[in-house]
Amino acid sequence: KKNDDFIVWMQIIDYCKKNTEIKNVIFVTDDNKEDWWYILNSNGKKTIGPRPELIHEITSSSNVNNFLMYNTENFLEASNKYLDAKIEENIIQDVKEVSEVSDEFDFHTINNHFEIYLNETFGSFTYEFVPDYAALRDGKKYAFELIKDDAGIVYNNEYIIKRLNSCNDILSDYGVVTLVFEFSTAKLKIEAFQYLNSISLSVFSKKINYIMLYSIDEDISISKLFVKIPD
């Protein structure tokens with residue numbers, strides 16, 4: 001989720017600002033979105049390194065002189081090369097295979113499918129910072145605020161209310177507000193659906209109209225479950 005990327009990046013910069021002795025930063029991530037990486041299209045996509053604006057931002061706002069980014073596989077290989085870490089090749093290969101499987105069903109892919117759903121439902125939509133997506137139909141404005149649930153956030157009412165309060169003034173301009181939970185597996189989505197139907201949802205009634213549980217099933221089909229928030 002784009003907001004999550006922004007929060008992680010701000011936390012890195014804030015930590016470097018507070019700890020002025022830090023001169024070198026290595027950030028390891030298996031998130032391959034172009035928000036992070038400078039990707040060159042030349043006979044296929046080639047990842048060159050971190051986006052230049054990220055390097056400029058962290059070096060200009062802190063005492064950091066060098067900022068490097070690796071995915072896990074390349075970080076382990078660099079550790080062997082430069083630090084003599086002696087990480088076995090079969091471990092690096094295992095990490096690579098796990099990363100490739102994760103990429104196949106990552107949240108970026110889920111977002112792409114969600115955008116297809118919005119196009120099919122509304123004909124068009126706009127990407128916003130808050131809410132994440134907005135659409136218009138029959139003169140009514142629809143808002144979709146997305147939350148990547150890979151850590152049981154759907155079970156944390158306090159977090160959800162805090163998240164909605166932070167953008168409440170903007171969301172109040174919309175006629176229908178839907179909170180969308182994205183799940184990496186259909187199993188997690190079903191468990192969350194069962195949980196939401198077992199609790200009182202009235203705590204959300206002043207903030208949102210629907211909760212939508214969204215995942216891509218194993219056969220790559222779009223899968224959605226709706227929970228109507230009682231008035």
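Visitor: Which residues make the nonpolar surface patch here?
Guide: This is a predicted model, and in it F6, I7 and F129 make a nonpolar surface patch of about 300 Å². I7 belongs to helix α1, residues 2–18.

Visitor: And I7 itself, is that buried, partly exposed or exposed?
Guide: The general idea is to check relative accessible area against cut-offs: buried is under 20%, exposed is over 50%, and partly exposed is in between. I7 has 42% relative accessibility, so I7 counts as partly exposed.

Visitor: What does T29 touch?
Guide: Leaving aside residues up to four places away in sequence, T29 touches W37, M69, Y70, N71 and T72.

Visitor: Now the rings. How many aromatic pairs are there, and how do I read one?
Guide: A pair of aromatic rings is described by the distance of the centres and the angle of the planes. The structure holds twelve aromatic pairs. One of them is W9 with F67, which is edge-to-face at 5.4 Å centre to centre, with 65° between the planes. That pair links distant parts of the chain: W9 sits in helix α1 and F67 in strand β4 (residues 66–70), 58 residues apart.

Visitor: Are those two buried or exposed?
Guide: W9 is buried, with a relative accessible area of 4%, and F67 counts as buried at 5%.

Visitor: Why is the pair of F114 and Y214 called edge-to-face?
Guide: The planes of F114 and Y214 are at 90° with the ring centres 5.3 Å apart, so the pair is edge-to-face. F114 lies in helix α5 (residues 107–122) and Y214 in strand β9 (residues 210–216), so the pair ties together parts 100 residues apart in sequence. F114 and Y214 are both buried.

Visitor: Which cluster do ring pairs link together?
Guide: F114 and Y214 are in it, along with Y117, F122, F125, Y127, Y133, Y142 and F144.

Visitor: Where does the charged end of K141 sit?
Guide: Over the ring of Y174, 4.8 Å from the ring's centre.

Notes: Residues are numbered from 1 along each chain as its sequence is written. This is a predicted model: local features need pLDDT of at least 70, side-chain atom pairs count only at pLDDT 80 or more; totals for chains, interfaces and linings use all residues. Side-chain values use heavy atoms; hydrogens and water are left out. Patches are made of residues with over 30% relative accessible area and no salt bridge: like charges are joined within 9 Å, nonpolar side chains (Val, Leu, Ile, Met, Phe, Trp, Tyr) within 5 Å. Accessible areas come from the Shrake-Rupley method with a 1.4 Å probe; for residues, only the protein chains shown count as cover. A salt bridge is a side-chain nitrogen of Lys or Arg within 4 Å of a carboxyl oxygen of Asp or Glu. Helices (H or I, at least four residues) and strands (E, at least two) are DSSP runs, numbered from the N terminus. Buried means under 20% relative accessible area, exposed over 50%, partly exposed in between (1.4 Å probe, protein chains only). Contact means heavy atoms within 4.5 Å. Rings of Phe, Tyr and Trp (its six-membered ring) pair if their centres lie within 6.5 Å; planes under 30 degrees apart count as stacked, over 60 as edge-to-face and the rest as tilted. A charge sits over a ring if NZ of Lys or CZ of Arg is within 6 Å of the ring centre and within 35 degrees of the ring normal.
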